[in-house]
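Work through the exercises below with the model open beside you, and try each task before reading its solution.

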Amino acid sequence: MRNIKLVIEYDGKEYNGWQKQPTKLNIQGTIEQAIKSITGENVDLTASGRTDAGVHAIAQVANFKTNSNIPIDKIAIALNSNLKKSIRIISAEDVDERFHSRLTCKRKTYRYIINNSEFSSAIYRNLETHIPQKLDIEKMKIASKYFIGEHDFKAFKSSGTSSKSSVRTIYDAKVIEMSDNRIYIELTGNGFLYNMVRIISGTLVDVGLGKLQPEEIEKIIESKDRNLSGKTLPPNGLYLVNVEYV
């Protein structure tokens, strides 16, 4: 039996997240149906992590087991011909049978995109979050560094999380000012709690608006109190951009 690794890009705005659900359009079930169309098999497609409704991915990683003998260089082409254009298989490769897209994942990077222009974009409105008030990016950069390291991120998770522990390690945190009045918040970590990236991004926006000072981030982390952190920003600005396994 073959173990096939897929790298997937998707626009999440019309999907109710990654996870398969019987009555709602979802990414996992849509791709599994495409796999069945080309192999005739019902497979279990496992992702590096489940993205929520409206969240996008530039390089989600997933794998499935199959007895199909379709050449590996034909699989992405065949799947894409059976998928909506809002989901694209970027690559497919045969991997060791022990590879598991979630369990063997070491690091993930998420990006949150903010349009900090005076007016929102008609074209990119579903792909970013518009905040018209001018943000203090330098203070946001300072604040972001407090998230680096191993911390209990209880103050930055939504109540719906099923994780037993809220301890996670953030390896890198960046606030990047782009030339077109857009701001990228990028977080790389060993794992993320439910809505953690969107809450951290909302907290950094509060710093940018002057509602919080950068040094207050440390106290919020130590407090483990969700009421002290920022609001959960909308899903349309969030992207899974990289998954690492080495």
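**Exercise 1: a pocket and a lysine**

The largest pocket has 38 lining residues, and those nearest its centre are Gly49, Arg50, Thr51, Lys108 and Phe192. A pocket here is an open set of points on a 1 Å grid over the protein atoms alone, with protein on both sides within 12 Å along at least five of seven lines, and a lining residue has an atom within 4 Å of a point. This is a predicted model, in which local features need pLDDT of at least 70 and side-chain atom pairs pLDDT 80 or more, whereas totals for chains, interfaces and linings use all residues. Residues are numbered from 1 along each chain as its sequence is written, and side-chain values use heavy atoms, without hydrogens and water.

*Task.* Find which elements give two or more residues to the lining of the largest pocket, then describe the setting of Lys108.

*Solution.* Step one: the elements are β2 (46-47), β5, β8 (167-177) and α4 (196-208), with helices (H or I, at least four residues) and strands (E, at least two) taken as DSSP runs numbered from the N terminus. The largest share, 3 residues, comes from α4. Step two: Lys108 lies in strand β5, residues 107-115, and is buried without a salt bridge, the nearest side chain of opposite charge, that of Asp52, being 11 Å away. Buried means under 20% relative accessible area, exposed over 50%, and partly exposed in between (1.4 Å probe, protein chains only); a salt bridge is a side-chain nitrogen of Lys or Arg within 4 Å of a carboxyl oxygen of Asp or Glu. For charge, Lys and Arg count as positive and Asp and Glu as negative, while His and the chain ends are not counted. Step three: the side chain of Lys108 reaches the backbone oxygen of Ser48 at 2.8 Å.

**Exercise 2: salt bridges across the chain**

*Task.* How many residues apart are Asp94 and Arg2, and is Arg2 buried or exposed?

*Solution.* Step one: Asp94 and Arg2 form a salt bridge, their closest N and O atoms being 3.0 Å apart. Step two: this pair links strand β4 (residues 87-95), which holds Asp94, to strand β1 (residues 2-10), which holds Arg2, and the two residues are 92 residues apart. Step three: Arg2 counts as buried because its relative accessibility is 19%, whereas Asp94, at 40%, counts as partly exposed.

*Task.* Which strands does the salt bridge between Glu186 and Arg111 link?

*Solution.* The side chains of Glu186 and Arg111 meet at 2.6 Å, N to O. Glu186 is in strand β9 (residues 182-189) and Arg111 in strand β5, 75 residues apart.

Note on methods:
Polar contact = N/O pair within 3.5 Å; in protein donor to acceptor, adjacent residues only side chain to side chain. 1 Å grid on protein atoms, 1.4 Å probe; cavity = no way out; pocket = protein on both sides within 12 Å on 5 of 7 lines; lining within 4 Å.
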